[in-house]
Each structure stands twice: as structure tokens, then as C-alpha cells.
Amino acid sequence: MDSIFTKIIKGEIPSYKISENENFFAFLDINPNAKGHTLVIPKKQVDKLFDLDEQTYTELFAYTKKVAAAIEKVIPCNRVGLTVIGLEVPHAHVHLIPLNTMSDASFSKPKAQLSQIEFIELAAKISKAMDS
Ligand code: AMP
């Protein structure tokens, strides 16, 4: 069965897309810890990150590095943090979260509120920063 993320990759469910290539896809988390919270996923649907084949695993992190650099260009922050959870969506993914305080890394705190326009503009800005 297709995961919600596979449906996003296929365009069956909308997303605030930042970038994609043949094997990976990056988009804004719909319920962000902080503005710019991004998910990077392999197109290959595998539940657990550490079950990915070696090549996909390595290339995912190389791609994630590029996305993180673009986020840092757009979002003023102390640094971009990386978290792996996967308790909600059984499709391997990496969370990239702009961090200013330790609480930005917490998934329990009140979430950042963005309008649809803000999501669209933010995804476009980070996407553009990936090319520059
Ligand atoms: P986890 O599987 O625990 O790492 O959490 C899954 C993450 O995916 C959460 O931060 C959700 O807010 C996010 N998420 C779930 N559905 C969507 C969606 N349709 N678009 C963007 N982000 C999503």
C-alpha cells in the first residue's frame, strides 16, 4: 500500500515541494516545529531509515545536506538540526529543523503556525536557494 509520502511523490496528495531528483523528494512539514521544518524522503518506500539499502541511505544524506544548506540561507537560525523519528509515517524520512533554542527540536511544544501563502512562499524561497 502506498504511504502518504508516496502519494505526495506521485502528486496524488498536495505538498509544499522544495525539490526532487530521480530518487529523493523534499517538502515542508505540514505541522512544523519551526518555520522551515522540512522533510527529505527517498522515493523508494521503505518504512525504517536504517533498513534503506546502503546506496540510498548514503545518497539520502548527501541530498539532505544540500537541502539543509538552502534552508540555512533562507531561515535565520543558529543551525539546522536533523532528527529521525518515523512513528507517524512508515516511509523513511529525515526531519530538517531550523534551530534557535533546544525547544525547537521538541515535537511536543506548540507548533509554528503558517498560512497557506506563507507555506507556498517559503517552499519557493528554499527551492530557489537550492539552485544558487
Ligand atoms: P514521524 O513519522 O513521527 O517522523 O512524523 C511524520 C511527520 O510528517 C510529522 O512531522 C508530520 O507533521 C509530517 N506530515 C504528515 N503528513 C504530512 C503531509 N501530508 N505533508 C507534510 N508533512 C506531513
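Start with the ligand, which sits in the largest pocket. A pocket here is an open set of points on a 1 Å grid over the protein atoms alone, with protein on both sides within 12 Å along at least five of seven lines; a molecule sits in one if more than half of its atoms lie within 2 Å of its grid points. The model is predicted, so local features need pLDDT of at least 70 and side-chain atom pairs pLDDT 80 or more, while totals for chains, interfaces and linings use all residues. Residues are numbered from 1 along each chain as its sequence is written, and side-chain values use heavy atoms, without hydrogens or water.

Next, select the 16 residues around the ligand; Asp29, Gly86, Val89, His93 and His95 come nearest (a heavy atom within 4 Å counts as near). Helix 1 (4-9) and strand 2 (24-28) each supply at least two residues of this shell, and helix 1 gives the most, with three.

Now show the polar contacts (pairs of N or O atoms within 3.5 Å). A side-chain N or O atom of histidine 95 is 2.7 Å from a ligand oxygen. A backbone N or O atom of glycine 86 lies 2.8 Å from an oxygen atom of the ligand, and one of isoleucine 30 lies 3.2 Å from a ligand nitrogen. The protein covers 89% of the 500 Å² of accessible area that the ligand has on its own (Shrake-Rupley method, 1.4 Å probe).

Finally, select Leu28, Asp29, Pro32, Ala34, Lys35, Gly36, His37, Leu114, Phe119 and Leu122, which line the largest cavity (points where a 1.4 Å probe fits but cannot get out; lining residues have an atom within 4 Å of a point). About 30 Å³ of space lies inside this cavity.

Notes: A polar contact is a pair of N or O atoms within 3.5 Å; within protein, one must be able to donate a hydrogen and the other to accept it, and residues adjacent in sequence count only if both atoms are side-chain atoms. Helices (H or I, at least four residues) and strands (E, at least two) are DSSP runs, numbered from the N terminus. Grid points are joined across faces, edges and corners, and a volume is the space filled by probe spheres set on the points.
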